[in-house]
Amino acid sequence: MNEQLPALIIIAPLITAFLVFAASWVRQKWCYPLVVAGLALSLLSALGTLVRVVSSGDIVYKMAGWTPPVGISFHIDTLNAFILPLVAGIALVNVIASKVHVESEQGENLGAFYSLYLLTSTGLLGIVATGDAFNLFVLLEIASLSSYALLAMGHPRAILASLNYLLIGTVGSSFYLLGVGYLYIVTGSLNMVDIAALLPPLFESSAVSMAFTICLLGIFLKMAFFPLHGWLSNSYTFASSAAASLIAPLTTKVMVYVMIRFMFTVFTPAYIFEAIHISDVLVGLSIATIICGAVLAITAKDFKRMLTYIIIAEIGYMVGGAWLGTRAGFTGAILHIFNDALMTFCAFLVAANIKQVVGDLRLSNLQNLFAKMPWTMGALAITAMSMIGVPPTCGFFSKWYLIQGALDGGHPFFIAALILSSVVNIVLFFRVFEIGFFEPAATHGSGGHASGAVREAPLSMVVPLLLMAAGLIVAGLYTGTLVDVLIDPAIPKGIT
Amino acid sequence: MGKFWSHCITQYPPNTVNLDYSPMETLFSLKPLLAVLVSLAATPLIVASGKRPNMREGWTFVAAFLKCGIVLSMIPAILDGKQLGITIAQVFPGVSIAFRVDALGLLFAVVASCLWIITAMYTMGYMRAEKEHSQTRFFTFFAIALSSTIGVAFSANLFTLYLFYEVLSFSTYPLVTHHQDRESRVSGRKYLGYLAGSSIGLALPAMIIVYSITGTLEFTPQGILSGATASPGLLFALVLMLVFGFAKVGLMPLHAWLPAAMVAPTPVSALLHAVAVVKVGAFSVFRVLTGIFGVDVLAANGLNVPIMYIAGFTLLAASLIAMSQDNLKRRLAFSTISQLAYIALGASLLAPSALLGGALHIANHAFMKITLFFCAGAIFIGHHKKNVSELDGIGYKMPFTMGAFTIGSMGMVGLPPVAGFISKWYLCLGSIEAKEFTFLIVLLISSLLNAAYFFPIVYRAFFRKPADWVPGKKYSMAEAPALLVVPLCITALYSIVLGIIPDFPLNIMELAQTAVMQITQGG
């Protein structure tokens, strides 16, 4: 059984997706326990896999016993071993936190919603686990197609936004597929480790550089890297809370993981930093992404839209960190995948809670929220600290590594962009806090303080949020362990 | 009394004190961690008993007494030349969240934790007399702020210091903006803008640069940059980034947040913006200069010179501005800016006496300035007056309050027997030792300026006739509630005690001397 754990991570939610859909025809109330069970099983398998990887090294799981490069294999090292439980965990916690509003919003579509939710989770988990470049494309499409549908099941404008995402996302996937096609032509293999072994003699080949460029372009499209970020904001803003809280924290982070996998496992540092010279350009684009996200976020009039722009800025952190070509930069990028997923998840849970109680996320509607929803706003305060980068929350530590990496790599402008982004985050979140704390002006001041009754979101929404917010601090305090045990072993050779 | 006086003067200079210096022994101890956590642990209890004010304030007192007890219990070991330390978690290679108590840190912690007890009493009286809203929130964040203050005091390295420094900035925001009106919104923006902006924009990058040069952030007696190879230009940039990054010290031009913070209820201004927050800034600068750069590196590269001049300028300019302030709390705020510059000046003059003066002033200024703020709050509660120009004859009605105010003012000017005299004495000695006679003159001029903006208040209070004066009218005493007046009398009297027997009962002088010895003989 222990040997089958890697497969179980993916298969549990996949099978549950079909079971849920079938169950919804019989009894709608069976759906929720099934989803929770499926994702919990996936999370447990992911944790089991993590323990095994840490204790006894990388796992190569051969699907149906076929040996790579012919068969498909899952290749799990410390890098993806800790992203898997992150993805499964966020998917599980989000199901629990969103139960109340999913049931009221989706009505008859409950079964469909939950099976799409599970398929998206399956796809994301598979992308992280797989060691096969083509299999990654298949799983990417599973994740994307189900997430297009999932995102469309929200606000009336969500359909158009999601269509836009579909068009751009499909272009992205196709680019990726095309790149993998080139790689297959020159190497004759689809297994990542295998390709990595076959590539070095071909580094000079223009087909290889074409393959790399196109793959990267596809990945950039999917992760909304500047200037390909246009689709992200609308499709997340108009989505239902449950869908946004799953897809917004995870999709972009998983795509950053894919980029790092391609850069360091498939193409190796010898290629990306020595054979080709694009790292400066990409660090520059990352700076542009950070600034662009920050500027757009300032213009946002809606809390969720502001969060979507912050996501874009954070992508700049990770891509930039990976392309710094330094040990600290790489560590920072990986650490930020973990931290940013948690932070963004918390922020979207906060948005979901506010939406549940207030009904509208326009900034001007957030008046008096500290009195009304003290717990939710408390969690938002911790999340904001993390996004600003205040220790001991986890956001500080990845920022520290990124700045150190930029220092070692000689990229002062990247440091400036990171600090600028921190300062902008202060402005963004304190604008929200000011509205929640000082407005409406009539009820405050020396005249008297009508504090208003507490009207929190249901307990099933508040408790997961508070746990996740506490997790931001715990993750920060355990940064040392995380880096020592999981990230350091994953740092590829050739990076100093 | 004269005997006591000569006794404490002849104890000086510290390098003649017969104390064998050996490399400091660090003992493992849970006490620093407990001292930090005890007020944090009180916050859930404070929140839970929000509906029962007496029980809620009870928790504050329990936490305050426990904290003070734990801090005081560390004095013997520290005076014995030992250090107490504990490491919580390693976060980066060579950097951990860790506490280490040495004499300087303990000095600051003793002051902050003792004053918390007194302020808790004052706060109770003030908030209830004003019928302030959201008192539970107020007491909760007050406790968090105290935790982070002690955290800064006990930090073993720059990272831990930065951590608690930031927590302090953010946890005091709801206190500063407590009234939740338009004015506090604007002030809150200024407050965080200056404090968080400078720490993230300047201190954080500087810290990372130091880390990548040296591979550590641990405070060491000789300074971690002493063995490193760094160009003078870089060192110069680092010293400026770190000194201005910790903007809580209020050196100009990053001082405007402090007058803005005066919008807070007076207990906050008293404990946080005269003691905890601002002293955290001064303390951080002290730590950075002595523990990161080290006296030798600073002196060899002349890095202390710009800090000296900035401090000297701030000292005079803030005093001049203070003279023009009619709002009593704002006048006190500018006085604080000026007095903080004394501490920064003491640290940057580098001479042992100056360091001693700076360290002592952390304590002395705390007791004197908190007295003055307590008085300002008591005047506001008793008579709803905020401005100096309204204080004519108030001494008839509030003799205790204004008596305490007079003592505080004398301390600010530096008149014996109030504590301010001692620290100023050592600062002056230090500037002579360092052969910086300009600063001797600056210090003396500043004393005159302090007199020029404090004594008129005393004069108004006692020698001018109240607005409603008619010949032959007797004024009955109209003091603020006892919960306000008792604390301010205690701190005023203690300011005098500190000026006569500095070691009674908190060993402040001995702690300061040990601290200076650790700094100057560490290398």
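**Notebook: strands and contact side of chain B**

I began with the strands and noted that β2(B) and β3 (residues 95–101) of chain B pair in the antiparallel sense over seven bridges. Strands pair here if DSSP finds at least two bridges between them; helices (H or I, at least four residues) and strands (E, at least two) are DSSP runs, numbered from the N terminus. The model is predicted, so local features need pLDDT of at least 70 and side-chain atom pairs count only at pLDDT 80 or more, while totals for chains, interfaces and linings use all residues. Residues are numbered from 1 along each chain as its sequence is written, and chains are lettered from A.

Within this pair, I found B:T87 opposite B:A98 in β3(B). β2(B) and β3(B) form a hairpin with two residues between them, and B:G94 in the turn has a positive phi of about 85°.

I then looked up β1 (residues 25–28) of chain B, which runs parallel to β2(B) with four bridges joining them. B:T26 has B:Q83 as its bridge partner in β2(B).

Next I turned to the contact between the chains, where residues touch if their C-beta atoms, placed from the backbone, lie within 7 Å. Chain B gives 25 residues and chain A gives 29 residues. On the chain B side, β2 (82–92), α7 and α8 (182–214) each supply at least two residues. The largest share, eleven residues, comes from α8(B).

Lastly I checked confidence: pLDDT is the predictor's confidence in each residue, from 0 to 100. Chain B averages 86, and the complex has an ipTM of 0.88.

Methods: Contact = placed C-beta atoms within 7 Å.
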